[in-house]
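These are my notebook entries on one chain. I looked up single residues, then the cores, then the chain as a whole.

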Amino acid sequence: MTDAVLAPSRLPAAVLWDMDGTLLDSEPIWEIAVRELAERHGIELTPQLRESTLGNALPDALAKLHDAVGLAPEDRDPAADGRWTLDRVTELFGDGLPWRPGALEALELVAGAGIPMVLVTNTVREVADVALETIGRHRFTATVCGDEVAVGKPAPDPYLRAAELVGASTADCLAVEDSPTGAQAATTAGVPTLVVPSAAPVEPGPLRVFRHTLVGLSIEEVTEAWTGGLAHIATCKNGDS
């Protein structure tokens, strides 16, 4: 007899990881850039405005900021503001990117279990590639960025694409997310989701299992988050939701 812990008999086909706020503590860096952009437009970045932009694709975040400024559509220049924001974030990323607590260990845990992983982020490719120098692009079977799908989070497109890239159904995958925007994208795509909130609270909902931190995550908890979502999907199919 051995005291070794046996791995679960069933594992998700893939784990789909959000980046900002989930793996990397980069939301404060984005906040610096968005605050400075707001100041360039003559307004203060309120906590409410900042929270509304968390996890957004860049065009959506800019639209919310422009709305807050009160800019008429003809006076907006999202291309110029987007370029300024990307350049500033890239500059700030160059100063170093801290991990979220337990994130590196969680990646190594999932990799050690032999589960393919995909990075699924609203961040555009040119900035995500900078972040991948910290995270390690070798860890992922594929990466999906916000400018590589028709519509970014909170639309389901990034997660639908991620599942397609690993040749699995969305129900057979597990997403790990931290924001309301990201959680909505994952669960709308039909992906069971482990939610680890960071900068903003996330409402409970179908397919969602919550954890306060990735610290101490076990492969059994990964499986339980996934199978909990599967149970909800089965209940819905039976008409009992």
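**Entry 1: S52.** I looked up the exposure of S52 and found a relative accessibility of 29%, which counts as partly exposed. I used these cut-offs: buried is under 20% relative accessible area, exposed is over 50%, and partly exposed is in between, with a 1.4 Å probe and protein chains only. S52 sits in helix 2, residues 47-53. Helices (H or I, at least four residues) and strands (E, at least two) are DSSP runs, numbered from the N terminus. I then took the C-alpha distance from S52 to A200: it is 9.2 Å, although 148 residues along the chain separate the two.

**Entry 2: the model.** I note that this is a predicted model, in which local features need pLDDT of at least 70 and side-chain atom pairs count only at pLDDT 80 or more, while totals for chains, interfaces and linings use all residues. Residues are numbered from 1 along each chain as its sequence is written, and side-chain values use heavy atoms, with hydrogens and water left out.

**Entry 3: L174.** Is L174 buried or exposed? I found it buried, with 1% relative accessibility. L174 belongs to strand 4. I listed its contacts (heavy atoms within 4.5 Å), leaving aside neighbours within four places in sequence; among them are P12, A14, V191, L194 and W226. From L174 to T227 the C-alpha distance is 9.2 Å, and the two are 53 residues apart in sequence.

**Entry 4: A168.** A168 is in the loop between helix 7 and strand 4. I recorded a relative accessible area of 19%, so A168 is buried. Beyond four places in sequence, A168 touches A13, A163 and C173. A168 and A13 lie 155 residues apart in sequence, yet their C-alpha atoms are 6.6 Å apart.

**Entry 5: the cores.** A nonpolar core is a set of buried Ala, Val, Leu, Ile, Met, Phe, Trp, Tyr and Cys residues joined through side-chain atoms within 4.5 Å. How many residues does the largest nonpolar core have? I found 45, and those with the most contacts inside it are W17, L23, F93, I135, F140 and L214. Helix 1 (residues 27-40) gives the most to this core, with 6 residues. Another core, of 17 residues, lies apart from it, and A14, A168, A189 and V191 are among its members. In soluble globular proteins, nonpolar side chains tend to be buried together. I also looked up F93: outside four places in sequence, F93 touches D20, S26, I29, W30, V127, V130 and A131.

**Entry 6: helix 8.** Which residues of helix 8 (residues 180-188) are buried? I listed T181, G182, A183, A185, A186 and T187. These buried residues pack against helix 7 (157-165), strand 4 (173-177), strand 5 (193-195) and strand 6 (208-210). Just after helix 8, G190 takes a positive phi of about 85°.

**Entry 7: backbone exceptions.** Most residues other than glycine have a negative phi, and most peptide bonds are trans. L207 is not a glycine, but I found a positive phi of about 75° for it. L207 is in the loop between strand 5 and strand 6, and is buried, with a relative accessible area of 10%. The peptide bond from K153 to P154 is cis, with omega near 20°. P154 has its place in the loop between strand 3 (142-144) and helix 7.

**Entry 8: G216.** I located G216 in the loop between strand 6 and helix 9 (219-237). G216 is exposed, at a relative accessible area of 59%. Beyond four places in sequence, G216 touches R211 and E221.

**Entry 9: the whole chain.** I counted 9 helices and 6 strands. The radius of gyration, taken over C-alpha atoms, is compared with a globule rule of 2.2 Å times the number of residues to the power 0.38. The chain has 18 Å, close to the 18 Å that the rule gives for 241 residues, so it is as compact as a globular protein of that length. Of the 241 residues, 47% count as buried. Among contacts between residues at least 6 apart in sequence, 63% join residues at least 24 apart.
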